[in-house]
Amino acid sequence: MTNTHCPYCSLQCGMTLEAARRSALAVAPWPEFPVNQGALCRKGWTATGLRGSRERLTTPLVRDRATGALRAAGWDEALDLVADRMGALRRDHGPDSVAVFGGGGLTNEKAYALGKFARVVLGTSQVDYNGRWCMSSAASASNRAFGIDRGLPFPLADVEATDVLVLVGSNLVETMPPAARHLDRLRERGGKVVVIDPRRTPTAERADVAVQPVPGTDLALALGLLHLIDAAGAVDEEYVATRTTGFDDVRRSVATWWPERVERVTGVSAAELRDLADLLGGAGSVMVLTARGAEQHSTGTDTVSAWINVALALGMCGKPGAGYGCLTGQGNGQGGREHGQKADQLPGYRLIEDPAARDHVAAVWGVEPASLPGRGRSAYELLDALGSDGGPRALLVHGSNVVVSAPNATHVAERLAALDLLVVADLVMSETAALADVVLPVTEWAEETGTMTNLEGRVILRERAVRPPAGVRTDLEVLAALADRLGCPDTIGTDSESVFAELGRASAGGVADYAGIDYDRIRAEHGVFWPCPTPDHPGTPRLFTDRFGTPDGRARCVLVEHRGPAEATCDEYPVHLTTGRVLAQYQSGAQTRRVRELPDDGPFVELHPLLADRIGARDGDPVVVATRRGELKAPARVVDTIRPDTVFVPFHWVGANRLTNDALDPTSRMPEFKACAARISTARDSGRAEVLQAESPRVTTPACSVTPLVEVVPTGSTHDLETPLVGAAP
Ligand code: SF4
């Protein structure tokens with residue numbers, strides 16, 4: 001029996017794995033692990049479903065020049081080919097001609113090794129990862145407000161102790177079901193749950209208050225709430241004066257956000273807004289948690305800042321059972337952004353352009369600080385530059401399926417096709433691996449040991465429970481073998497515990513300091529919260545109790561303004577498209593779509609009965625959603641839980657991200673997955689017969705990007721849908 005953790009989301013539920021018949025593994029509860037206390041969602045219960053599957057890759061594949069098809073190859077042939085071609089590109093075009101792309105599901109050890117491989121072995125600045133598309137806006141906002149970015153600055157169980165919990169853009173009940181018990185316990189105590197989401201999700205069904213704003217207007221909603229909280233005299237003046245800076249400017253800026261203006265922009269009625277402000281202003285403790293719904297916007301960082309301002313004005317951050325936090329998404333969404341696979345970072349959450357950080361990490365790595373490259377392109381910008389003049393000509397991908405998960409995915413596939421060399425390390429033939437020149441089969445979670453950092457900043461240990469299939473290597477072994485061939489032997493370790501110890505030394509003194517954590521301690525303590533600088537340090541479950549991580553110890557209230565989505569609705573594209581998850585699938589679905597026990601009904605288009613009537617569609621009819629980037633045909637799912645001006649598509653299947661907008665947040669470089677302009681019709685009317693690839697050329701300057709000054713419809717309205725519904729007015 002092995003105690004370990006689920007391979008999927010950031011809750012990192014504890015589970016026990018037991019040997020079953022033949023080489024199968026059975027999942028059993030691990031009740032002592034405090035985060036989930038034995039509970040798992042259906043993804044967790046079926047997480048061993050790929051074990052022994054024919055879908056597992058067990059031999060390297062290289063693309064045959066004569067036939068263009070992938071064929072089996074030996075490890076030496078595949079690794080020699082990759083190293084030779086990367087070496088030649090570096091010689092001929094410089095180190096930045098080779099890029100590396102990581103993932104938020106990689107262990108801390110892999111994320112660390114990938115960053116070191118890029119900077120030391122390849123000498124490239126071109127390294128980033130898919131977590132840039134997940135939590136980066138919350139990370140940017142937390143850094144600028146608090147000086148530290150840790151998803152939750154308190155244990156998740158603190159949720160039960162608050163009086164009012166505000167979930168902004170989180171469908172926690174569906175995305176991490178074991179966490180839903182905290183909501184129930186909070187309400188049993190008499191606390192209130194508020195959910196802000198354009199859809200009335202299963203989470204909203206379990207809330208006391210559900211507010212359904214127009215996609216992309218959460219920022220305006222927060223400004224309007226702060227306006228009312230201030231007008232009611234509910235600002236904690238002493239807290240603001242002693243623990244924050246910048247509040248006076250923010251207070252002045254929200255003075256013009258009176259409720260009727262907020263209603264016009266967000267579609268949330270002035271009465272709903274007043275009730276919500278009264279609830280927050282009168283509560284003893286308030287906790288605001290954001291997730292992707294609030295963050296995956298071109299205004300994501302400012303949106304999160306606006307909600308942090310609300311929490312600070314109420315005097316909540318650093319107070320027990322209160323404050324602000326981000327519910328991270330991917331399994332190692334937290335640790336994956338701390339140890340060096342980001343374009344602008346070195347291990348320990350250090351900035352790569354900080355001379356002291358470069359000195360420290362270079363000393364641990366045994367290289368000259370000047371040899372380390374500077375910051376590179378962010379994830380989408382990196383993909384956008386592939387194969388272009390001055391862009392990377394080779395890409396090494398670990399733990400990411402960008403063809404499905406990137407915005408404007410058709411364009412991304414085109415950029416991949418323009419490369420001289422695409423190498424993908426994966427456990428199954430993902431849509432991205434299928435395009436590669438070389439595919440390297442790697443171990444899955446239960447076949448290797450490594451640490452993850454969950455949404456609370458708790459560093460936990462995934463233990464190897466079973467031998468990998470013959471022919472498969474770990475990601476660390478792949479990187480070490482490539483480093484060897486590229487002239488840097490012994491640069492990348494293959495023993496994860498030794499790599500973690502090195503990571504600890506590299507992180508020492510940094511914001512995310514892991515120096516006092518080791519595997520035995522994690523086992524004994526059910527995880528250790530960072531920062532933990534020494535072996536005798538207890539770890540830090542709660543941040544900000546006395547001071548924030550800024551130089552003066554005060555939180556920054558940041559002045560922000562509503563801008564709305566980069567792409568407004570218009571006559572041609574009159575509805576809002578938003579994307580999200582379903583319970584049985586995880587991220588790009590590369591793993592979960594292959595687990596037989598999990599239902600896989602494919603994508604669907606959720607729309608309101610009023611909108612369905614207008615286009616003549618019934619539940620189950622094929623409908624086509626089109627944006628300026630592409631089209632998707634899928635069955636209609638007609639529900640009255642979504643705004644009449646909005647359609648929803650889950651992103652786990654090929655197609656959804658062919659529609660989404662690649663407009664980036666200027667600070668976090670987060671793409672705008674959650675809001676773009678679309679039109680919808682029945683497949684009959686559109687003349688389409690199958691799921692379509694984008695056929696229209698990429699449009700960089702929308703033909704109708706001017707935001708119409710027309711009121712949006714308050715939630716629940718029976719607006720005449722013959723009148724096009726339009727987006728937010730500034
Ligand atoms: S997917 Fe998330 S919520 Fe479900 S079992 Fe795994 S870690 Fe827990």
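This is a predicted model: local features need pLDDT of at least 70, side-chain atom pairs count only at pLDDT 80 or more; totals for chains, interfaces and linings use all residues.
Trainee: Let's start with helix H12. How many residues does H12 have, and what distance does it reach?

Mentor: Helix H12 covers residues 270-281, which makes 12 residues. From the first C-alpha to the last it reaches 16 Å, close to the 16 Å expected at 1.5 Å a residue.

Trainee: Which residues of H12 are buried?

Mentor: Here is the general idea first. An α-helix has 3.6 residues a turn, so residues three or four places apart point the same way. In H12, the buried residues are Ala-270, Leu-273, Leu-276, Ala-277 and Leu-280. Looking down the axis of H12, you find these buried residues within an arc of 125 degrees, so they line one face of the helix. Asp-275 and Asp-278, on the other side of H12, are exposed.

Trainee: Now the sheet. In what order do the strands come?

Mentor: In general, strands of a sheet pair through backbone hydrogen bonds, either parallel or antiparallel. Here three strands form an open sheet in the order E1-E2-E3, with antiparallel pairing. Strands E1 (2-5) and E3 (25-29) stand at the edges with a single partner strand each, so one side of each has no neighbour in the sheet. From one strand to the next, the twist averages 40 degrees.

Trainee: How many bridges join E2 to E3?

Mentor: Five bridges join strand E2 (residues 14-19) to E3. As one example, Met-15 has Pro-29 in E3 as its bridge partner.

Trainee: And which residues surround the ligand?

Mentor: Among them are Cys-6, Tyr-8, Gln-12, Lys-43, Met-176 and Pro-178. The shell divides into nine nonpolar residues, two polar and one charged.

Notes: Residues are numbered from 1 along each chain as its sequence is written. Side-chain values use heavy atoms; hydrogens and water are left out. Helices (H or I, at least four residues) and strands (E, at least two) are DSSP runs, numbered from the N terminus. The expected span of a helix is 1.5 Å times one less than its number of residues. Buried means under 20% relative accessible area, exposed over 50%, partly exposed in between (1.4 Å probe, protein chains only). The arc is that of the directions from the helix axis to the C-beta atoms. A residue is near a molecule or strand if one of its heavy atoms lies within 4 Å of it. Ala, Val, Leu, Ile, Met, Phe, Trp, Tyr, Cys and Pro count as nonpolar, Asp, Glu, Lys and Arg as charged, and the others, Gly among them, as polar. Two strands pair if DSSP finds at least two bridges between them. Axes are lines fitted to C-alpha atoms, for helices over the stretch in contact, and angles run from 0 to 180 degrees between N-to-C directions.
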